Amino acid sequence: MTPSERIQTSLRFIGDWPAWAGIGLAILLGAAAWLLYHRETARQPRWLRILLPTLRALAIMMMVLMLAGPVLHHRKIIGQLSRLFLFVDGSSSMGLADPAMDAGRKLSILQRLGLLRADAVQSDLPRAGEALAEAQSLAERGRLSQGAAAEEWKTLVEDFASKVEAARASLAQSEIERGRVDVFTRELVNPSAELARRETKQIDDRNRAISDLQRLGELASRWSAEVQDIFQRKVNELASTEGSPLKSALEKFDAMPRWQRLQSMLLEGEQDKLLARLAENYDVQLLTLDGSEAKKIWQPTRKDSSLPMQLPKPTADATNLATGLKTGVGEQEKEQRGAVVLFSDGQHNDGESPSDLARVFAARGMPVFTVGFGSHVRPRDLAVLKAEGPESVFSEDRVRGEITLKDDMPAGSPFKLTVSDGEKVLWERQLTTEGRNLRKVAYDFAIGDYVRDRMKSQRGDVQMSSLPLDFQVAVSEVEGDSQPANNTGSLRVRAVTQKRRILLLDGRPRWETRYLRNLFERDEQWEVNCVIAGMLRGEAGFARGTRPEQFPIENGQLQAYDLIIFGEVPRSVFKGDELSWLRDFVEKRGGAMVFIDGSRGRLKEYADSPIGPLFPVEWESAGVRDGLVRVTLTERS
């Protein structure tokens, strides 16, 4: 058997009797035979009294089982299975329930999950509403396809007329008034059929047809809303009955969050688990999108292929449907086919566009299929999605950034957005809801006084170079908010409380040295110690000491710097272990060192010194000037 082949063996029953009847009768007759024959072997030894009745009982059981037709079924799979990536949206919005969803979709989902009998409510009206919604979508496509070919346009309007006719057939079978069905036929069915028969060879004919199709699409939308209202009233009437199974099913749906509905579809059910059926024919990987990461939940292996018990509870603050897909799928092998299925409520609000990524996957031969969860009507919700700001800021500066809000509330409701630490409010703004889903609000506040108050509470013998700050970002409560638990977020900033120290070393006062010194001295966040060789009379090296313009006399003093700028310094100016101190500054302390060579090429002198491994280059040969004694003019020829 080649590595690309796999054999699966299973026991099946193909006889006239069902398996349960054959197995049950075999056990019954086998037990009766064992008891009867055991009485006839009473005088035999003990082991024969057990063995002989057992053999006869097994023989009878096997003869009876033949009526059920047991066979061993061998299935050989040749080649590689197609890869199927199942991505579950792990954002907190998947934890929302959908009580505002239309009744037709609710009942359809309940029936698919096995929580409601298929005959509990007539589904003619929901089918009519669904057909009208599809017709409306076709009308929108027609508005955007003015340059489509004649055959493509003909197919589109015929599909529109077909959906409208399907809606009429469902309405005719429902309990809606006959008069309304006649009005529906006159307003929508007949004009749609006439539009499908119309010739549109000229540009003016096509423009009139597009206008008529758009008008019919608006009528389909209006009729769809009316059908939904009629069905909703019917469902409310049936659910108002005491002890109605429909009422309890709807209450259960209204309390069930989206991720639990997905869990019921994938993992629950005694025999018809969707994930198990997919794993029979595909190489399945089940992953969850947690922010920008894709975390694996389950992948069947030879040792363990048992299904997971449940899906992880969604907790991510933002919905990023692109980055996780890209990292989760990785590089696809050319000879192996695959597909991506994304289960999400579709509220993408972070990262690159998932539509662009889907086009990239399609070019690689990996289509992306989306399964939507949630209602067309967003639940009323005002939430803090994330707060963006600098990782660190000088204590005397201001903190600036943006706060991303989810605003799905009706426009015009006032609320307050604040950044605070406990009871102390550092920034606030009075806003009103706009109902445009995502909005960004800029913030800007000073932290100098706040940091100084915090530093007073620190121990006097402890010096801190930075102070971690953890602020709370919050929106005030608004009446009607369905999820007040997501009204807060966090903003973390590190306040630098001491000036960053720079040690600037050079062998002579160059233009580069003066420029860097002036640049950093103008910034109050930096403290510059510029040390130039030969500044002491009669001495070519560095001045050493603890004052400014002196090289540190101890290793501990050197390690206190944050940055060392190493210019064109001759190697001879260093003494003792000072070069080892510089190496330890980078390797052990983790400090930054910048090398700036000059026209004299002094840095190559350090190739075999302790700081040689710090250079990002290697000197392989002598320089152009090496070995040059003098320059002389030659005679003209």
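1. Two strands count as a pair if DSSP finds at least two bridges between them. With that in mind, and remembering that this is a predicted model, one can begin with strand β3 (residues 83-89) and strand β6 (residues 338-344), which pair in the parallel sense over 6 bridges. Within this pairing, Val 88 stands opposite Phe 343 in β6.

2. Another open sheet has 3 strands in the order β8-β10-β13, and here the pairing is antiparallel. Its edges are held by β8 (382-388) and β13 (437-446); because each has a single partner strand, one side of each is left without a neighbour in the sheet. Neighbouring strands of this sheet are turned against each other by 25 degrees on average, with direction ignored. Strand β10 (residues 398-407) pairs with β13 in the antiparallel sense over 10 bridges, and Leu 405 stands opposite Arg 439 in β13.

3. Turning to the helices, two packed helices are described by the angle between their axes and the distance between the axes. Helix α4 (residues 124-143) packs with helix α5 (residues 150-173) at an angle of about 160 degrees, the axes being 8 Å apart. Since angles over 145 degrees count as roughly antiparallel, this makes α4 roughly antiparallel to α5. The crossing of α4 and α5 is left-handed. Among the α4 residues in this contact are Leu 125, Ala 128, Leu 132 and Leu 138, while those on the α5 side include Trp 153, Leu 156, Phe 160 and Val 164. By class, the contact of α4 with α5 has 13 nonpolar, 3 polar and 6 charged residues.

4. Helix α4 also packs with α7, at an angle of about 155 degrees and with the axes 8 Å apart. The helices α4 and α7 are therefore roughly antiparallel to each other, and α4 passes α7 in a left-handed crossing. On the α4 side the contact includes Leu 125, Ala 128, Gly 129 and Leu 132, and these belong to a set that meets α7 residues including Ile 210, Leu 213, Trp 223 and Phe 231. Sorted by class, the contact of α4 with α7 has 13 nonpolar, 7 polar and 1 charged residues.

5. Helix α7 (residues 203-239) has a further packing to consider, with helix α6 (residues 178-197): their axes come within 10 Å and cross at roughly 155 degrees. It follows that α6 and α7 are roughly antiparallel to each other, and their crossing is left-handed. Phe 184, Leu 188 and Pro 191 are among the α6 residues in the contact, and Leu 213, Leu 216 and Trp 223 are among those in α7. The residues of the contact of α6 with α7 divide into 11 nonpolar, 1 polar and 4 charged.

6. A last point concerns the aromatic rings, for which a pair is described by the distance of the centres and the angle of the planes. With a limit of 6.5 Å between ring centres, the count comes to 17 aromatic pairs. One of the aromatic pairs is formed by Phe 566 and Phe 595, which is tilted, with 5.4 Å from centre to centre and 55 degrees between the planes. This pair links distant parts of the chain, as Phe 566 lies in strand β18 (residues 563-566) and Phe 595 in strand β19 (residues 592-595), 29 residues apart.

Terms used: Residues numbered from 1 in each chain as written. Predicted model: local features only at pLDDT ≥ 70, side-chain atom pairs only at ≥ 80, totals over all residues. Heavy atoms only, no water. Axes fitted to C-alpha atoms, helices over the stretch in contact; angles between N-to-C directions. Helix = DSSP H or I, 4+ residues; strand = E, 2+ residues; numbered from the N terminus. Parallel < 35°, antiparallel > 145°, perpendicular 65-115°, else oblique. Left-handed = near helix turned anticlockwise from the far one by under 90°. Contact = heavy atoms within 4.5 Å. Nonpolar A, V, L, I, M, F, W, Y, C, P; charged D, E, K, R; others polar. Phe/Tyr/Trp six-rings, centres within 6.5 Å; stacked < 30°, edge-to-face > 60°.
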